[in-house]
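Trainee: I have a model open and would like a close look at one part of it with you. Could you walk me through it?

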Amino acid sequence: MRVDVVTVFPAYLDALDLSLPGRARRNGLLDLRVHDLRDFTHDRHRTVDDTPAGGGAGMVMRPEPWGEALDALDLDGATLVVPTPAGEPLTQARARDLATRERLVVACGRYEGIDQRVVDHARTRTEVVEVSLGDYVLNGGEVAALAVVEAVVRLLPGVVGNPASLVEESHEAGLLEAPVYTRPPSWRGLDVPPVLLSGDHARVAAWRADAAARRTAERRPDLLHASRVVDGWEVVPAV
Ligand code: SAM
């Protein structure tokens, strides 16, 4: 997959040289290119912002540098991902969906955001997905770009060593994952649940399913439809 990220802080994306995305880049599974929006300005100060039309606080990103950047990157066949608190929540389902694309272009906003005409114009040329990390406001889209790339890249074939670990994860089956444990069996007076040390795979699977359902019901009932009964909870994944 090719991913282009456009930002005024290219160094923010250096973290994508580490861990799984870094390995995916070195293995040729991820072609990540980071672009400085200021390279698409023409004034001495490399200006990318201006005062808001209609007045008010803060600054807005001007459309011209964005237009030039997106033209230079050629959006044809790409999906433009625009982080914004006004976007759809970034979910595992959306990450799975984006992982099917050949090319993503991520446009990181700053200040009060990007002039709306940039997104409106891009929509006439290609698919645009506006995503929000959550109901809070970040300073810029770079952290969201990191989140999108991490969530998407780990779903690409060959990136995670054992694909089974993806299937069991929180949000994959519509439930939170059961709590996880490792050695030692007892630590500071707290024991690993004995069933996990029993070697009985069927019992372990049943315990995990029930623990996942209970945990989801307690912490994220919004993920559930009523239906299956587990220890008094009626649960079934919403997806
Ligand atoms: N004025 C905007 C508003 O109220 O919707 C917020 C602008 S924010 C300070 C600057 C940039 O940070 C946004 O353009 C977006 O790229 C990014 N951003 C902020 N919060 C975000 C969130 N919850 N999810 C995704 N991106 C976010």
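Mentor: Happy to. Bear in mind that this is a predicted model. The chain is divided into domain 1, residues 2-153, and domain 2, residues 168-237. Taken over C-alpha atoms, the centres of domain 1 and domain 2 are separated by 36 Å.

Now to the core. The largest nonpolar core contains 42 residues, and Val 106, Ala 107, Ala 145 and Val 148 have the most contacts inside it. Several elements each supply at least two of its residues: the strands β1 (2-7), β4 (60-61), β5 (79-89), β6 (103-107) and β7 (127-132), together with the helices α2 (63-73), α4 (116-123) and α5 (142-153). The largest share, 7 residues, comes from α5. Leaving aside residues up to four places away in sequence, Val 106 touches Val 3, Val 5, Val 81, Ala 145 and Val 148.

Apart from this core lies another one, of 7 residues, which include Leu 175, Ala 211, Ala 212 and Ala 217. For a look at that region, turn to helix α7, residues 201-219. The buried residues of α7 are Ala 211, Ala 212, Ala 213, Thr 216 and Ala 217.

Next, the ligand. It is surrounded by 19 residues, the closest being Pro 83, Gly 109, Gly 113, Leu 138 and Gly 141. The largest share of this shell, 4 residues, comes from β5. By type, the shell divides into 9 nonpolar, 8 polar and 2 charged residues.

Finally, have a look at Val 8, which is found in the loop between β1 and α1 (19-26). Val 8 counts as buried because it has 20 C-beta neighbours inside 10 Å. Not counting residues up to four places away in sequence, Val 8 touches Asp 36, Leu 37, Arg 38, Val 48 and Arg 110. If you want a sense of distance across the model, pick Val 8 and Ser 198: they are 190 residues apart along the chain, and their C-alpha atoms are separated by 54 Å.

How values were computed:
Residues are numbered from 1 along each chain as its sequence is written. This is a predicted model: local features need pLDDT of at least 70, side-chain atom pairs count only at pLDDT 80 or more; totals for chains, interfaces and linings use all residues. A nonpolar core is a set of buried Ala, Val, Leu, Ile, Met, Phe, Trp, Tyr and Cys residues joined through C-beta atoms within 7 Å. A residue is buried if 20 or more other C-beta atoms lie within 10 Å of its own, exposed if 12 or fewer, and partly exposed in between; C-beta atoms are placed from the backbone. Two residues are in contact if their C-beta atoms, placed from the backbone, lie within 7 Å. A residue is near a molecule or strand if its C-beta atom, placed from the backbone, lies within 6 Å of it. Ala, Val, Leu, Ile, Met, Phe, Trp, Tyr, Cys and Pro count as nonpolar, Asp, Glu, Lys and Arg as charged, and the others, Gly among them, as polar. Domain bounds come from an automatic or database domain assignment. The expected span of a helix is 1.5 Å times one less than its number of residues.
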